[in-house]
Amino acid sequence: MNTLSVEGLSVRADSVELVREVSFDIAPGERVGLIGESGSGKSLTALSLMGLLPEGVRALGRARLGDRDLVGVPESRLKDLRGRRLSMVFQEPMTALNPLMRIGAQVAEAMTLHGTPRARARSRAIDLLERVRLPEPAQIARAYPHQLSGGQRQRVMLAIALANEPELLICDEPTTALDVTVQKQMLELIAEVAPALLFITHDLAVVASLCERVLVMYGGRVVESGPIREVFTRPRHRYTEGLLAASKLTPRGTRLPTIKGSVPGAGQFPDGCVFSNRCPHTTPACESAPALTGDGHAHACWHPAG
Ligand SMILES: Nc1ncnc2c1ncn2[C@@H]1O[C@H](COP(=O)(O)OP(=O)(O)OP(=O)(O)O)[C@@H](O)[C@H]1O
């Protein structure tokens, strides 16, 4: 087992910096939450570790799992690491599963791709379905994705992610689409099986129950990090305070709102303005945003509240 070490990771699309100088470590066995409002760069951070960034978006900086580089290496090398040394579970299993292929064959394929002989992969697939607590695993193995419930499909994705016994599991809101009871069972399972975990969510309660440490992202940066108890009881960043306040008011799973306040490097917001990184740049206030942030970074901008 190896430590994931991320140092000065940035993600760019053309000249726009979407993730800026993110650094963190995850030791073997550690469970780390990554929270932040929509658009703050959580998914791009995860995808850059997996080498799965969309076309036209590239990662810079350093990320290593043990002695293996994850950023700036050829796709052929990443293909070998992905699904073997590190795996990812996404929010929507239906888009990740092949609708025309039986479940058992899909779990087995994750292993044959990395060199496991077919017969062994087939029998291990049943063991894995059992490990993620699917009832009647042999029957599930013969089913097609549409014959399973959302919660069952997400367990299949977890089985696929675990198939080659990775050192790190990355989960990007894997339970958001599930109902509360199913969500709870899935989280317990993830906590039990993850060798080391980076867990992306909007839900502070989930982070608090699952993780030992948390990273808070805002406007593409990690603005705060530390042990859960420390960050949640003594938040140092204004945005984290906002997240905590919002979590008491908003129902589970809802998107966290933008907050009034300041953004690192940009000083205080003008009165009556909020910060948003999904702003369409239609108001006069927004047009002056690059000047306000002082670095020509038009991705994040101000706009009048309301
Ligand atoms: N292919 C792309 N090209 C340009 N910009 C992109 C691309 N993909 C994402 N972005 C932008 O990068 C920013 C960060 O996106 P990311 O998906 O990492 O956010 P997130 O924190 O995961 O949000 P959510 O919680 O909604 O999934 C967003 O402003 C998004 O619009």
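Helices (H or I, at least four residues) and strands (E, at least two) are taken here as DSSP runs, numbered from the N terminus. The structure is a predicted model, in which local features need pLDDT of at least 70 and side-chain atom pairs count only at pLDDT 80 or more, while totals for chains, interfaces and linings use all residues. Residue numbers start from 1 along each chain as its sequence is written.

The protein has 13 helices and 14 strands. Of its 306 residues, 43% count as buried; a residue is buried if 20 or more other C-beta atoms, placed from the backbone, lie within 10 Å of its own, exposed if 12 or fewer, and partly exposed in between. Two residues are in contact if their C-beta atoms, placed from the backbone, lie within 7 Å. Among contacts between residues at least 6 apart in sequence, 62% join residues at least 24 apart.

The unreviewed UniProt entry places the feature "domain: ABC transporter" at residues 4-244; such positions are given in the numbering used here, feature names are shortened, and annotations may be inferred rather than shown by experiment. Over residues 4-244 the chain is 40% helix and 27% strand, with the end C-alpha atoms 28 Å apart.

Helix H7 covers residues 150-162. From first C-alpha to last, the 13 residues of H7 reach 19 Å, close to the 18 Å expected at 1.5 Å a residue, where the expected span is 1.5 Å times one less than the number of residues. Eleven of the 13 residues of H7 are buried, so the helix is largely enclosed by the rest of the structure. Among these buried residues are Gln152, Arg153, Gln154 and Arg155, as well as Val156 and Leu158. The cover over them includes strand S6 (86-89), helices H3 (93-96), H4 (103-112) and H5 (118-131), and also S7 and H8.

Helix H8 (residues 180-193) has 14 residues and spans 20 Å between its end C-alpha atoms, close to the 20 Å expected. Gln183, Met186, Leu187 and Ile190 are buried in H8. Seen down the helix axis, the buried residues of H8 fall within an arc of 105°, so they line one face; the arc is that of the directions from the axis to the C-beta atoms. An α-helix has 3.6 residues a turn, so residues three or four places apart point the same way. The buried residues of H8 pack against H7, strand S7 (168-172), strand S8 (197-200) and helix H9 (204-210). Thr181 and Glu192, both exposed, are carried on the face of H8 turned away from its buried side.

Leu189 also has its place in H8. This residue is partly exposed, with 16 other C-beta atoms within 10 Å. Leaving aside neighbours within four places in sequence, Leu189 is in contact with Val132, Arg133 and Leu158.

Asp179 lies in the loop between S7 and H8. With 11 other C-beta atoms within 10 Å, Asp179 is exposed. Its C-alpha atom is 9.2 Å from that of Gly150, 29 residues apart along the chain.

The last topic is the ligand. Of the 13 residues around the ligand, Ala13, Ser38, Lys42, Ser43 and Leu44 come nearest; a residue is near a molecule if its C-beta atom, placed from the backbone, lies within 6 Å of it. Helix H1 (residues 42-50) supplies the largest share of this shell, three residues.
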